[in-house]
Amino acid sequence: MKKICFFSILLMAPLLSCHPQAVTDMQDSAVSTPDVIALDAKSPKLDYIRVVEAVLIQRPLIDLVPGKITYDETRTVRVASPISGRVLGKIAEIGQHISAGDRLAELDSPELGNAQAAYAESLADLELARRAFERVQSLFENDIAPKKSLDEAEDQLVRARSETERIRLRLANLGVHNNLMDNRFVLRAPLAGTVTERNINPGMEVKPNLQLPLFVISDLSRLWVIIDIFEKDIGMVRTGAQVGIRVPAYPGENFTATIDYIHQVVDEASRTVKVRCIIQNTDRKLLPAMFASAAVLSSADDLVVAVPLTALFTENESDWIYIDTGDNHFQKRPVTVGLRIRNQAVILEGLNPGERFVADGALLLRAEQKQHVQTR
């Protein structure tokens, strides 16, 4: 018997020397049971296998939907000049943080000078009307002037006071609270935020009816995400629900938004409804006009296990995954899959939180397992 084994090895030696890949495959893996594959610790195949731990997440309700990040319009202002003039001096820069009341630009405005001159004239007319009224009133009290003269003097005083107040309010509306006549109008920020757009340059002639705003100022610490929900899914969306947001700029990072408003009109072309979400942006990673994908989530206590689609493979009309059982051993296990979205699937049965599974490389293990089953 020993001789037979010896000669058998001698006969196999040339075959193995002619097929070094067979030796490598034998060293790489071995199947201990039909559903378990074991890889050698030095196998290069391990470099293509990524194992992660199953964790609970909020249940996604619908497939991923497209969205776009926009300004929070409740914290955004588009600044125009209320008066005509020519730009002078320093102008606020794009990206500059502005506090409410800060100077944005200065204009040389003859229109403002005319308003200041008119206010000075109205003050002088008011003083003359007041003195005239007091004089006629004194004469009337001494039975020298008739009542008609007193009424006319009072009417002139009221008119002068009204005209003065009208011009004062006009200047106050422009932010002018002094009696100087220097033609200098200072355009100030109505709220705090970041200058995100600027359409003004030195020497430019500015008018109130320009098509573009001179500045756009927005508080970027909070933004809106506008998403499109298909008509068939709108019944699963409610205000206050959380939405998972992803953007191409940060592919491995999830952001959380909250549904704030659901529009009341369906777009007839796309059969979608616009849904507005609020997202906090204190770290300033997100920017207006970024494209996003959104997953509408269930309540905070409705938790499920989800896996990447790369972890799943189909066999005999069933879905399977590989579980890491330790020491480079991987066990094939059937699972029941619920909702599938673009890059992940909800697991209803077959995978528990805390278990480690193969997220990338499942097809490689399956091919390896088939190869060893066929050579047994």
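**Salt bridges and a helix**

Mentor: Glu315 and Lys332 are both buried (under 20% relative accessible area; exposed is over 50%, partly exposed in between, with a 1.4 Å probe and protein chains only). This is a predicted model, in which local features need pLDDT of at least 70, side-chain atom pairs count only at pLDDT 80 or more, and totals for chains, interfaces and linings use all residues. Residues are numbered from 1 along each chain as its sequence is written, and side-chain values use heavy atoms, leaving out hydrogens and water.

Trainee: What do the side chains of Glu315 and Lys332 form?

Mentor: They meet in a salt bridge at 2.9 Å, N to O (a side-chain nitrogen of Lys or Arg within 4 Å of a carboxyl oxygen of Asp or Glu). The pair links distant parts of the chain, 17 residues apart: Glu315 lies in strand S20 (residues 313–315) and Lys332 in strand S22 (residues 329–340). Strands (E, at least two residues) and helices (H or I, at least four) are DSSP runs, numbered from the N terminus.

Trainee: Which residues are joined into one network?

Mentor: Asp35, Glu315, Lys332 and Arg366, through salt bridges that share partners.

Trainee: And how many salt bridges does the structure hold?

Mentor: It holds 29. One of them pairs Lys232 with Asp233 at 3.1 Å, N to O; Lys232 is exposed at 68% relative accessibility, whereas Asp233 is buried at 13%.

Trainee: Changing topic, which helix do the buried residues of H4 pack against?

Mentor: Helix H3 (110–141). The buried residues of H4 include Leu150, Leu157 and Ile167.

Methods. Contact = heavy atoms within 4.5 Å.
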